[in-house]
Amino acid sequence: MSSESSGPPIQNYAVFSHVLVFLKVLLEGEWKSKENVILKKLTGREAQQSFLRQFECYARGQYPFDTPLGDGQSTLSWWTHLTRIPEGNILATLAVKVFSVRPSSMPEERTMSVFTRMNSALRNRQNVSTLVNMTQIRQWYMYNSASKHPEHPTINFYDLDAQLFGSGAKVGKRHHDTRNSLLSTESAGGDEEIEDDESSSWLDNAEESSTTCNDADFDVESEIDMSAEGLLAVLAEASPGGTHKGKGKSKAEAEAEEIEGNDNVDNEWPEVWE
């Protein structure tokens, strides 16, 4: 960004220079994450060049950044609208991320509460640096996405015993001893205690249901493909030969592999801005 380029002059050039340094770092992180819909389609060099061109247009008040805010329009909605315009979508997507942050004092209050719990009466001689380090470690584990959202693997029916009891465990048969049990129907001498001609019980007075199920079967083949490979892999009693085991790939993983496998896409972020 040069103050001597053609176009309207840049007001407060020093302020825009500091903002540019911050946005460069933010752009690099967003591009490397491959989560932004707009940035993941561009190479690192293309993202840098487009960003610099759009930022200079914004600093000079040129299109598409020359449109004033409408009546009752918020800054966030103004930048969100610019994400649909190719001449300003990269800068706009960074601005949306910045203006989506809601200022609040709650994180600070939670941090001070952690300080209070850790710096108890029995541990009141700790250094401030010790408290800070322990609090940072605690907050990192609390907000770490990998620890909060563990993976739930798919367990196939033929792997159920191995998953529950281990691959080398032997599952024996259990025998229930009915002696002295309420379920036992035999006497001590081995005779059957329940006679055929017993007195009536409350079950005899139960009325039969007025509604009967005419068709006990239900048709699922019209709604579910019973021959689907994923369904057979889960319900099969034996491991299907040649069937891919494990969970399918998500859409994000498939897109990431597609980007990595494309030789025309530069996956390296240029260290030198041009």
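Trainee: What does the secondary structure of the chain come to?

Mentor: The chain of this predicted model has 10 helices and 0 strands. Along the sequence, the pattern reads α-α-α-α-α-α-α-α-α-α.

Trainee: What share of the residues counts as buried?

Mentor: Of the 274 residues in the chain, 19% count as buried.

Trainee: And among contacts between residues at least 6 apart in sequence, what share joins residues at least 24 apart?

Mentor: That share is 56%.

Trainee: Let us turn to H1. What span should H1 have, and how far apart are its end C-alpha atoms?

Mentor: Helix H1 covers residues 13–33. Its 21 residues, at 1.5 Å a residue, should span 30 Å, and the end C-alpha atoms are 30 Å apart, so the two values agree.

Trainee: Which residues of H1 are buried?

Mentor: The buried residues in H1 are Phe16, Leu20, Leu23, Leu26, Leu27, Glu30 and Trp31. They lie on the same side of H1, because the arc they cover around the axis is only 145 degrees.

Trainee: What covers the buried residues of H1?

Mentor: The cover includes helix H2, residues 44–60, and H4.

Trainee: At what angle do H1 and H4 pack?

Mentor: Helix H1 and helix H4, the latter formed by residues 89–99, pack at an angle of about 95 degrees, and their axes are 11 Å apart. The angle therefore makes H1 roughly perpendicular to H4.

Trainee: Which residues meet in that contact?

Mentor: From H1, Phe22, Leu23, Leu26, Leu27 and Glu30 take part, and they meet Ile90, Leu91, Leu94, Lys97 and Val98 in H4. By class, the residues of this contact of H1 with H4 are 8 nonpolar, no polar and 2 charged.

Trainee: And H2 against H4, at what angle do the axes cross?

Mentor: The axes of H2 and H4 cross at roughly 80 degrees and come within 8 Å. H2 and H4 are therefore roughly perpendicular to each other.

Trainee: Which residues of H2 and H4 meet?

Mentor: Ala47, Ser50, Phe51, Gln54, Phe55 and Tyr58 in H2 meet Asn89, Ile90, Leu91 and Leu94 in H4. The contact of H2 with H4 divides into 7 nonpolar residues, 3 polar and no charged.

Trainee: Where is asparagine 12 found, then?

Mentor: Asparagine 12 is in the segment before H1. Although asparagine 12 is not a glycine, its phi is positive, at about 55 degrees. Asparagine 12 has a relative accessible area of 58%, and is therefore exposed.

Trainee: What about the peptide bond from tyrosine 63 to proline 64, is it cis or trans?

Mentor: The bond from tyrosine 63 to proline 64 is cis, and omega is near 5 degrees. Proline 64 is placed in the loop between H2 and helix H3, which is residues 75–82.

Trainee: Two threonines remain. Is threonine 43 buried or exposed?

Mentor: Threonine 43 counts as buried, at 13% relative accessibility. Threonine 43 lies in the loop between H1 and H2.

Trainee: How are the C-alpha atoms of threonine 43 and glutamate 268 separated, and how many residues apart are they along the chain?

Mentor: The separation of these C-alpha atoms is 7.9 Å, with threonine 43 and glutamate 268 lying 225 residues apart along the chain.

Trainee: And where is the place of threonine 111?

Mentor: Threonine 111 is in helix H5, residues 106–118. Threonine 111 has a relative accessible area of 19%, under the 20% limit, and therefore counts as buried. Leaving aside residues up to four places away in sequence, threonine 111 touches Thr135 and Gln139.

Conventions:
Residues numbered from 1 in each chain as written. Predicted model: local features only at pLDDT ≥ 70, side-chain atom pairs only at ≥ 80, totals over all residues. Heavy atoms only, no water. Axes fitted to C-alpha atoms, helices over the stretch in contact; angles between N-to-C directions. Helix = DSSP H or I, 4+ residues; strand = E, 2+ residues; numbered from the N terminus. Parallel < 35°, antiparallel > 145°, perpendicular 65-115°, else oblique. Contact = heavy atoms within 4.5 Å. Nonpolar A, V, L, I, M, F, W, Y, C, P; charged D, E, K, R; others polar. Expected span 1.5 Å × (residues − 1). Buried < 20%, exposed > 50% of the residue type's maximum accessible area, 1.4 Å probe, protein only. Arc of directions from axis to C-beta.
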